[in-house]
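Here are my notes on the model you sent. They are set out as numbered points, to be read beside the structure.

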Amino acid sequence: MTLRAGSGFGITLWFLAMSAGVIGLTMVALGTTTTAFLSDRFLQHEGQISQEVLEMALRAQGAAGGSFNTGSDRRNLEAFAGHILSMPGFLRANIYSPEGTVLWSSDSAMVGRTDHDNEELTEAFAGALITERGDLDHDVKPEHRALAVGGDRTFVEIYIPVRDSSGRIACVVEYYKSAAALNELVRDARGIVWSVAAAGALLLCATFFVIVRRGTALIRHQQADIANMEALATVGEMASAVAHNLRNPLASVRSSAELAKLEHGGSVAEDMTAIMVELDRLDQHISDLLNYARMQEQPAQRIDPKELVEGVLVKEARCMTRHGIEVALRDHRSSNAPIAGDPALLRQAIAGILANAVEAMPNGGRLGVRIETAADKQRIRIVFTDTGRGIPAEILARVFEPFFTTKPRGLGLGLALTRRIVGRCTGTVAIQSIEGRGTNVILDFAAVA
């Protein structure tokens, strides 16, 4: 898969939108299902509590049967009905005998009626506790129209089988009550459920966003590596052709220039010197190409970073003096722990960093080299700080790209080669720069025990 410039963020937004939609639908379904489940459980619990209260009241009256036909039974029935009337949220109640006849009702017109087609009543006499929540705005039963419900127009209807002390169903109470308390409880539960669902959805979306962003960054990094490998293959082929076809002719031309310089003086000698400088520059470009394309793995050696830097500084001392650059080397390590790598390659990398510093300070300046131990005591840093012209921000982001250069006569492999060398030596390179204030080049290596 190939990502075009800027497409990584588009992929992130696309995936985030899709995942947010799926998560949102899932959370809506979960919230709706959970709310409905809690509402049913609350309603069932309400019926069970009412059933327990009425059974205790029946047994307290001492009624052993459900006919309530005798005088004492009628008194028990009235007392039992009094408990129903005192229950919270009461709207209406009917007490049915096992034959389906209304023994008592809060609506006196209902007493004595027999309901043979009431399925809920039949199930209740079979032992089932029936609980339902109704809404007068959508209810079609005529007997519900006269219920004095509150402003929310909802009510609870419960068919309660009431057992006597012998365990036999003595009667069934059809009980209507206000749903205000239940509605408030359901609203509170719904608020909690939806809040948790929303928080979970946001957390999942944030997690997916981070994962996708990291995945997109990894893809870009892998594509950059692939492109780098392709560039290396191209460089290798080109470098081989250049080295084979140009190096010998360049050597011949340089030898001729040296002879001409020795045989002739004056302006000819100056011209020959200029030719030799340009030939040396071309030869260095060829060497950089070969080094970048054909860098070979070498067994790592233990290297003292101070000795490594001092050796390169000694070699470059004349150049530094000629350009009016003051050099200061400071070793702030907490121990003399060495680093591991190829000393020849690292000397080449450091020489390239020093060459860039010289180019950044054409009128002289200061170059500080600081060797220090990282805070975790596991890494060694070598920091090169110059007082040169610095690097513009738009260029700083591309300085490690192969063949990217702002120099009219540059090849663009210096820092790319430096990073590759340091990477081979288990290190990293970072550059910090502010235009007009100088540059820091930081080499970070794993310390060797």
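1. Basis. This is a predicted model, in which local features need pLDDT of at least 70 and side-chain atom pairs count only at pLDDT 80 or more, while totals for chains, interfaces and linings use all residues. Residues are numbered from 1 along each chain as its sequence is written, and side-chain values use heavy atoms, with hydrogens and water left out.

2. Overall make-up. The protein has 9 helices and 12 strands, taken as DSSP runs numbered from the N terminus (helices are H or I, at least four residues; strands are E, at least two). Of its 449 residues, 38% are buried, meaning under 20% relative accessible area with a 1.4 Å probe and protein chains only; exposed is over 50%, and partly exposed lies in between. Taking contacts (heavy atoms within 4.5 Å) between residues at least 6 apart in sequence, 67% join residues at least 24 apart.

3. The second largest pocket. This pocket holds about 310 Å³ of space. Of its 18 lining residues, Tyr 96, Met 110, Asp 115, Glu 143 and Glu 174 are the closest to the centre. A pocket here is an open set of points on a 1 Å grid over the protein atoms alone, where a 1.4 Å probe fits, with protein on both sides within 12 Å along at least five of seven lines; lining residues have an atom within 4 Å of a point. The volume is the space filled by probe spheres set on the points.

4. Its lining. Strand 1 (90-96), strand 4 (154-163) and strand 5 (169-178) each supply at least two residues, and strand 1 gives the largest share, 3 residues. By class, the lining has 9 charged, 5 nonpolar and 4 polar residues; Asp, Glu, Lys and Arg count as charged, Ala, Val, Leu, Ile, Met, Phe, Trp, Tyr, Cys and Pro as nonpolar, and the others, Gly among them, as polar.

5. Helix 6. Its buried residues include Leu 308, Val 312 and Met 320. The buried residues of helix 6 pack against several elements, among them helix 7 (343-360) and strand 9 (365-373).

6. Positive phi. Most residues other than glycine have a negative phi. Lys 377, in the loop between strand 9 and strand 10, has a positive phi of about 65 degrees and is exposed at 53% relative accessible area. Thr 426, in the loop between helix 9 (414-424) and strand 11 (427-434), has a phi near 55 degrees and is exposed at 52%.
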